[in-house]
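Have the viewer open while you read.

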Amino acid sequence: MPLKDKYKNVLRTKTDPVVTPALDKLAEESIVFTQAVSTCPVCSPYRAMLMSGMYPWQNGVVNNCHETRQDSLRHDIQCFTDVLCSAGYETAYVGKTHWERNDALFDINENYVGSTSAPGGNRFNPYDTYIPPGRGRHGNDYWFTCVKDVHKDPRVYSNDPLRIDGKKDGEQHRPKIYSPLLEADVLIDYLKNTKGKRDTSKPFCAIWAPNPPHSPYGSEKDCDEMAYREHYKDNSSDELLNRPNIAESDAENLARAKKSMPFYLANVTGVDKQFGRVLQALEASGEADNTIVVFTADHGEMMGSHNKFGKLVIYEESFCVPFMIKYPGLTKHRLEDLMLGPVDIMPTMLGMMGLKSRIPETVEGKNYSHEIITGVWSTQPKPKSALFLGYNNKFKGVRTDRYTFQIDDAGEQLLFDNEKDPYQMNSLAVADIPQADADFILGELGRWLKESNDPWYRERMFEDRINYG
């Protein structure tokens, strides 16, 4: 049975017509999560939650890290890779970080000098930045990061001089190559260990965070051009843009979506191609049967749906994310409807790796390792909803298996019946649904805000509507 037919009724909406053979193969060998969410669907807060197992108000990252903000993943907490490093793992981080405060610590040539005084006092990017050796790297021994949203001209910083033309850690390297291809090469070398970058007598953890398919996606200059030419260039825009919640009446938005979609999909296919190369290298290393492989994303892409691009909204296109786990010898392929959130990833993975006793007390997420491996939920029930956190403390929401609800700081509300209205095109009033359903939604939202120590809970915002318990 073709894969697209096998999963046809798993989601309530159509899937984007994207070519991903490596991910399709991984899905056939993995537990595929059908309702994983990003909680706060934007780069920095998601990453900080994944790394720390803590909600934004505790881990230090409430908004995207930016030169105008103080958000930064706290250096004094034990993150996922800190725990693994202390447990004797070789640790590597490759790709985008975007969890550090962006201070003006660079010279005019974009090299790190560590001071705001001359020759420092400069920045080279308003968002993501270089993280120097120390606590900000959270236990990652091997370091290779690509900074800036320019897919074929990433600013590279690494502690591997052989990979950056002999430069020092903190000196910028600009190889002008498609960043997923570059990063895959780095990971393949790390797995082969041809340069002795890791101790092969120790277990390893390698985290790869490619920037694409993040914007930009406006031309072949932004994507894997071969993937674009082979799979998307000659396809009609109507075939590629199959989402009915893109308003035909908004000509400007529709035109942008039609132009962007082929390049966006080419980036997804481009990442898939490089991901496949890395998985092949893992097989060749002889470690594939002894390695847990996890694939996920920090957020989705609206691509014109509801007249929006990007992320950080509660709509399904932004809020729901892919999540797959392959654990050779312990798990088989199945679909799993657990509403897994980013704070659950750290404790769950540590549990799967036999490191349950090392989960820090600061972790606020749940360890679902036993239930995910066994498929038995008798001792720890699945959550019946998932929390949504929107921009700058202005939006809060909750998603159940059927409904999506949001309230903003002015009291305005959105409510969708995802069963009857899967593309979320008709917002309802709370009074339009059964009272028991409304009470459940408002009670779940209050419970999540309390559990995450949200400012709305501390201030009892909209206590006449939100049931804080």
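A cavity here is a set of grid points where a 1.4 Å probe fits but cannot get out, and its lining residues are those with an atom within 4 Å of a point. Keep in mind that this is a predicted model.

**Cavities**

Searching the whole structure turns up two cavities of 30 Å³ or more. Here they are side by side:

| Cavity | Volume | Lining by class |
|---|---|---|
| Largest cavity | about 70 Å³ | three nonpolar, no polar, five charged residues |
| Second largest cavity | about 40 Å³ | six nonpolar, two polar, one charged residues |

Which residues line the second largest cavity? They are Cys40, Pro56, Trp57, Val62, Leu389, Gly390, Asn393, Phe395 and Lys396. Helix 4 (56–59) and strand 10 (395–400) are the elements that give two or more residues to that lining.

For the largest cavity, the lining is made up of Tyr142, Asp160, Arg163, Val186, Asp189, Tyr190, Lys195 and Lys197. Helix 6 (residues 179–192) gives the most here, with three residues.

How enclosed is strand 9 (residues 385–389)? Five of its five residues are buried, so the strand is largely enclosed by the rest of the structure.

In a regular strand, side chains alternate between the two faces of the sheet.

Strand 9 runs antiparallel to strand 10, and five bridges join them. Ala386 sits opposite Arg399 of strand 10.

**Helix 2**

Helix 2 (residues 21–28) has Ala22, Leu23, Leu26 and Ala27 buried. Why do they count as being on the same side of helix 2? Because they cover an arc of only 140° around the axis.

Which exposed residues does the face turned away from the buried side of helix 2 carry? Those are Pro21 and Lys25. As for what covers the buried residues of helix 2, the list includes strand 1 (31–33), helix 9 (251–285), strand 6 (293–296) and strand 7 (323–326).

How values were computed. Residues are numbered from 1 along each chain as its sequence is written. This is a predicted model: local features need pLDDT of at least 70, side-chain atom pairs count only at pLDDT 80 or more; totals for chains, interfaces and linings use all residues. Side-chain values use heavy atoms; hydrogens and water are left out. On a 1 Å grid over the protein atoms alone, a cavity is a set of points where a 1.4 Å probe fits but cannot get out, and a pocket is an open set with protein on both sides within 12 Å along at least five of seven lines; lining residues have an atom within 4 Å of a point. Grid points are joined across faces, edges and corners, and a volume is the space filled by probe spheres set on the points. Helices (H or I, at least four residues) and strands (E, at least two) are DSSP runs, numbered from the N terminus. Ala, Val, Leu, Ile, Met, Phe, Trp, Tyr, Cys and Pro count as nonpolar, Asp, Glu, Lys and Arg as charged, and the others, Gly among them, as polar. Buried means under 20% relative accessible area, exposed over 50%, partly exposed in between (1.4 Å probe, protein chains only). The arc is that of the directions from the helix axis to the C-beta atoms. Contact means heavy atoms within 4.5 Å. Two strands pair if DSSP finds at least two bridges between them.
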